[in-house]
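Hi everyone, thanks for coming.

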Amino acid sequence: MAMTAAEVLEMVKEKHVRFVDFRFADTRGKEQHVTVPVSHFDLDKFESGHAFDGSSIAGWKGIEASDMLLMPDPNTANIDPFMEEVTLFMQCDVIEPADGKGYDRDPRSIAKRAEAYLKSTGIGDTAFFGPEPEFFIFDSVRWKIDMSGCFVKIDSDESSWATDAKTEGGNSGHRPTVKGGYFPVPPVDSFQDMRSEMCLILEELGIPVEVHHHEVAGAGQNEIGTRFSTLVERADWTQNLKYVVWNVAHSYGKTATFMPKPIVGDNGSGMHVHQSIWKDGKNLFAGDGYAGLSEDALFYIGGIIKHAKALNAITNPGTNSYKRLVPGYEAPVKLAYSAKNRSASIRIPHVANPKGRRIETRFPDPLANVYLCFAALLMAGLDGIANKIHPGEAASKDLYHLPPEEDALIPTVCSSLEEALDNLNKDREFLTRGGVFSNSMIDAYIELKMQDVQRMRMTTHPAEFDMYYSL
């Protein structure tokens, strides 16, 4: 049952709350917040919202039209597990004061419009999402970029390069090798207790945890598997998961990152996204076709494959994302689908019960703004169903090691953020149906992300000294 505003006010009294924190995601997906003392928190905040300056958020309003409202969602109310003073936090929608509607560039409002659009099509009434964001935990990270040059230095006691480190108490020597993190028992896996603490806090916040483990990369790559849920709620949960991971790592004197490719020569971090559509309590993806899929599920896959290059701008939104999406390595770059083949970018996980039938899109990464990512994947899939876009035959071979003539026939994801943004610019109509994404929002998104492209274009890389200095 959803929590009501009155129940939140009751919770404030019961838990002796001192402050209330309003949170929202910006275009990049980073959560922002503003806090009010409990003396300034009442029912009116749920009815009138909390005013703030939208012009200070990157990619949002100009200074001439900056007033915005944060409208808290009572169902997201939780006690912050990290604050010294008792603080209740809630996720908010960003509202246009002029018409009382969700701001067209607010990611959470876009996600809500995507859910509403699904219902309006009559195809289904509920979309379930289950993301698997991977992350790294390091001991420390330092970097510098200025006119004199640049560097980055990662310190990780668990890394393969720490075998010669002189440490207090001695070097134990127990650590994963490169690509050897999946998943030996402790002391090789040195993050068991930290992950367990993260899981317990997530469950306190109402996010059911299904599994946690070390991931493939050696220097502190981890994953916490949490339960699927409806599109907006699951995006809220993912924001909370990131918050918990960052802050628990911080409390241990460590630093966590969801950056897709922080380490050269070891696995990057992906965010596989499981999806299914339901109607009247029935899973529309279950059927008697390939791997137990329905025709609609295959069409949904067809829509994702058709729009994948445009989706990349949202599902893989950083220049660093494309350091992971390199052909011939472990990242799923081939736009094909398969039941068992993990080299395909869309997989159908094996489940005994047809209720659990779903598809898993494997190219997204955890740099993605999850509200936009889930909404965009849903819109692509719905286009596939509406237009009966069949994805062709499933891939049975290892797509990483095909003969060149076969390899050339299978399309791939984009190889750069610039390519992805160009594709989004050209292939955007499917996102704008039902007013889910506006053209002005997509324009602003492309402009914001092109700043990243331009900065990388203009920054001399240390590898270029390696390649060109003596020529």
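Let's start with what covers helix H4: the cover over its buried residues includes strand E7 (126–138), strand E10 (209–214), strand E11 (221–226) and helix H5 (231–251). Contact here means heavy atoms within 4.5 Å, and buried means under 20% relative accessible area, exposed over 50%, and partly exposed in between, with a 1.4 Å probe and protein chains only. Helices (H or I, at least four residues) and strands (E, at least two) are DSSP runs, numbered from the N terminus.

A quick word on the source: this is a predicted model, where local features need pLDDT of at least 70, side-chain atom pairs count only at pLDDT 80 or more, and totals for chains, interfaces and linings use all residues. Residues are numbered from 1 along each chain as its sequence is written, and side-chain values use heavy atoms, leaving out hydrogens and water.

Which residues of H4 are buried? They are Met194, Arg195, Met198, Cys199, Ile201 and Leu202. Down the axis of H4 these fall within an arc of 165 degrees (taken from the directions from the helix axis to the C-beta atoms), so they line one face of the helix. On the face turned away sit the exposed residues Asp193, Leu200 and Glu204. After H4 comes glycine 206, with a positive phi near 85 degrees.

Now to H5, where 16 of the 21 residues are buried. From first C-alpha to last, H5 reaches 30 Å, close to the 30 Å expected at 1.5 Å a residue; that expected span is 1.5 Å times one less than the number of residues.

Compare H6 (residues 295–315): its end C-alpha atoms are only 25 Å apart, short of the 30 Å a straight helix would reach. Where does H6 bend? At alanine 308, by about 75 degrees, the bend being the angle between axes fitted to the seven residues ending there and the seven starting there.

Finally, the rings. The whole structure has 17 aromatic pairs: rings of Phe, Tyr and Trp (its six-membered ring) with centres within 6.5 Å, called stacked under 30 degrees between planes, edge-to-face over 60 and tilted for the rest. One of them is tilted, phenylalanine 89 with tyrosine 243, at 6.5 Å centre to centre and 55 degrees. Phenylalanine 89 is in strand E6 (residues 87–95) and tyrosine 243 in H5, so this pair ties together parts 154 residues apart in sequence. Both residues are buried.
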